[in-house]
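Q: I have a new model open and would like to learn how to read it. Could you walk me through some of its features?

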Amino acid sequence: MSIFVNSDTRLLVQGITGKEGQFHTRQCVAYGTQVVAGVTPGKGGSDMDGIPVFNGVLEAAEKTRANCSMIFVPPPFAADAIMESIDAGIELIVAITEGIPVLDMMKVKQVLAGSGSRLIGPNCPGIITPGQAKIGIMPAPIHKPGGPVGVVSRSGTLTYEVVFQLTGQGIGQTTCIGIGGDPVNGTNFIDCLAAFESDPETKGIVMVGEIGGNAEEDAAAFIKENVTKPVVGFIAGLTAPPGRRMGHAGAIISGGSGTAAAKIEALKQAGVHVCENLGYIGEMCADVFPT
Amino acid sequence: MKIHEFQAKQIFRKYKVPTPEGSVATDPEKAAQIAANLGDFPVVVKAQIHAGGRGKGGGVQLAHSLDEVKSHAGRIIGMNLVTHQTGPEGRTVKQVLVEAGVNIDKELYLSLIPDRETASIMVIASEAGGMDIETVAAETPEKIIRVHINPLTGIQPFHSRKVCFGLNLAPEVIKEFSFMLKQLYQLFVENDCSLVEINPLVITKENKVLAIDAKMDFDDNAMFRHKDLLAFRDLDEEDPLDVEASKYNLNYINLDGTVGNMVNGAGLAMAVMDTIKLAGAEPANFLDVGGGATAEMVENGFKIILSDDKVKAILINIFGGILRCDILAQGVVEAARNTEIKVPLVVRMEGTNVEEGRRILAESGLELFTAEDMKSAGDIVARIVAE
């Protein structure tokens, strides 16, 4: 079992003919993901490594039964690309693009609210169910299939570090999700925690947060009430100065709120095992999670 | 991106948001000339820096004569203004805004921000104008009104009514206030603002609505569609190394410590800073070379770290995803050849093409420490700077 994606997922790639789109599509194919279509407006009728390219998402979905989209479209056009996928009824949309204006994402989020689509990201590494499907830019070899741990994170490379340490301890993963570093995103911590809680194969959860916003505090409240599985948490940004945007658009301590200390405290109150030094998170997981 | 009050007021005027008459001066003579043109006293002389709390620091003065205007302007221009937002080092004032004085009847607080939780634009208003809004929120939260506006519908009359009635506005000012709020909303969305704040927004004794302060920040991600706003950027208000880094599209923030560090990905970069601290040293910077980084960008990041005199050692921690380890290694080697590396270098790499990356580093002839994992990376670099 897994959450959101598995070996049946049929992927289309928006922006498949761009440099990053091509590189990562090939990596996904090599991992075994079913990549059934690409979309690049104006390049319909051509192909990328034999994957048919269409002008629009709806046409691509109708002709290839794609149910998931991965987006590499540049920031000025990315919100439009996400809305095109929502309009086409794509079930799962994974937006890798970094740098989408906040106002664009607010509109996307409002459109999403009335739809049947789930959005992961933007500004995220994507989602992987090890051994089944990789939909994103994460390096595949660091993952270990078969569970029992689910990983959810606001950061890309920070997730890789955590997964690398888990695998190093011999702990496999059910699904790893990067929800993205933007202030306005699709799927949040709570959505993933709820999904992991109901996934029978997932026996424990690693949650990786960072400064800015209240998502970790909200997740802590949810964990306290609804999550029975053990959770290990890490929050980046203890040394981040207030008022500065730490790379991610959403990572900013403003008006004394969004600090790492407050998030760590909230998670501890909810019974989460908080690891304060990233170098030790693998060892901590080995202690906490049942083998 | 932040801009000055006088620049924000220029934009306000474009949107017919009422502000006091006035203009900006870089010397006392010009300040007096502006005051003379305003024709009446008192006038206000206001320091222009990118930080709040200017009044408390002595950067805002009332003048009742041209001589007073000159003496205030003479004192403020060139002063090192320290406020709770500048940090102890303060900021040098280069220019003052000279404005007509106002007959204040009521001081209000008004701001618009994007609310990340609800994906809407939030109007925050309070009758407790002129005060620090965070203090008001903490001490008298009932005095704060929050109204959420769905960006798909835009501002509607009922939004304005909520704000007006919440502020207990007199019936005579409601029409003018509602028009101003509608204009502010347009200004906010059309310029991709991340903050519009007026504190205080005043109601004059003549029942006029007037923005006597103005603060605007913009969404950096949206600047591609606001090339005109880039002219407002004041590089003197930013850290020189931060400015240099932004030319190369690097996410860099200069800090006080001695361990320079270069990481790919913002979250991991923060975690590496934390690791340096937990190992007993202090980070000299935050530097995220990003997902789409090229060898050239890595090299530029290197140059910026090396141009910071505080740096005693550099820790590079790269987890290859989009950025492949071979590209990183290439950048490190090129930078080492093009710049004179005078400090020890600790490298830790994992991920895509890691073998190739390690081979490039090993064959480069560079003197460097290789760390196997995060733990040892922090410990090694902390040991080096402690020596």
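**Helix packing and a chain interface**

A: Gladly! This is a predicted model. Let us start with a helix pair: two packed helices are described by the angle between their axes and the distance between the axes. In chain B, the axes of helix α2 (residues 28–38) and helix α3 (residues 66–76) cross at roughly 140° and come within 8 Å. The crossing of α2(B) past α3(B) is right-handed.

Q: Which residues of α2(B) and α3(B) meet?

A: From α2(B) come Pro28(B), Glu29(B), Ala31(B), Ala32(B), Ala35(B) and Ala36(B). Their partners in α3(B) are Leu66(B), Val69(B), Lys70(B), Ala73(B) and Gly74(B). Sorted by class, this contact has 8 nonpolar, 1 polar and 2 charged residues.

Q: How much area do chain A and chain B bury between them?

A: The size of an interface is often given as the accessible area lost when the parts come together. Here chain A and chain B bury about 4,300 Å², with 63% of it on carbon and sulfur atoms. In terms of residues, 57 of chain A are in contact with 47 of chain B.

Q: How many salt bridges does the rule find across the interface?

A: There are 4 between chain A and chain B. Have a look at Arg348(B) and Glu161(A), whose side chains meet in a salt bridge at 2.4 Å, N to O.

Q: Which elements give two or more residues to the side of chain A that touches chain B?

A: They are α1 (19–31), α4 (102–113), α5 (157–168) and β13 (231–236) of chain A. The largest share, 8 residues, comes from α4(A). By class, this side of chain A has 28 nonpolar, 17 polar and 12 charged residues.

Technical notes: Residues are numbered from 1 along each chain as its sequence is written. Chains are lettered from A and ligands numbered from 1 in the order in which they are written. This is a predicted model: local features need pLDDT of at least 70, side-chain atom pairs count only at pLDDT 80 or more; totals for chains, interfaces and linings use all residues. Side-chain values use heavy atoms; hydrogens and water are left out. Axes are lines fitted to C-alpha atoms, for helices over the stretch in contact, and angles run from 0 to 180 degrees between N-to-C directions. Helices (H or I, at least four residues) and strands (E, at least two) are DSSP runs, numbered from the N terminus. A crossing is left-handed if the near helix is turned anticlockwise from the far one by less than a right angle, and right-handed if clockwise. Contact means heavy atoms within 4.5 Å. Ala, Val, Leu, Ile, Met, Phe, Trp, Tyr, Cys and Pro count as nonpolar, Asp, Glu, Lys and Arg as charged, and the others, Gly among them, as polar. Buried area is the accessible area (1.4 Å probe) that two parts lose on being put together, summed over both.
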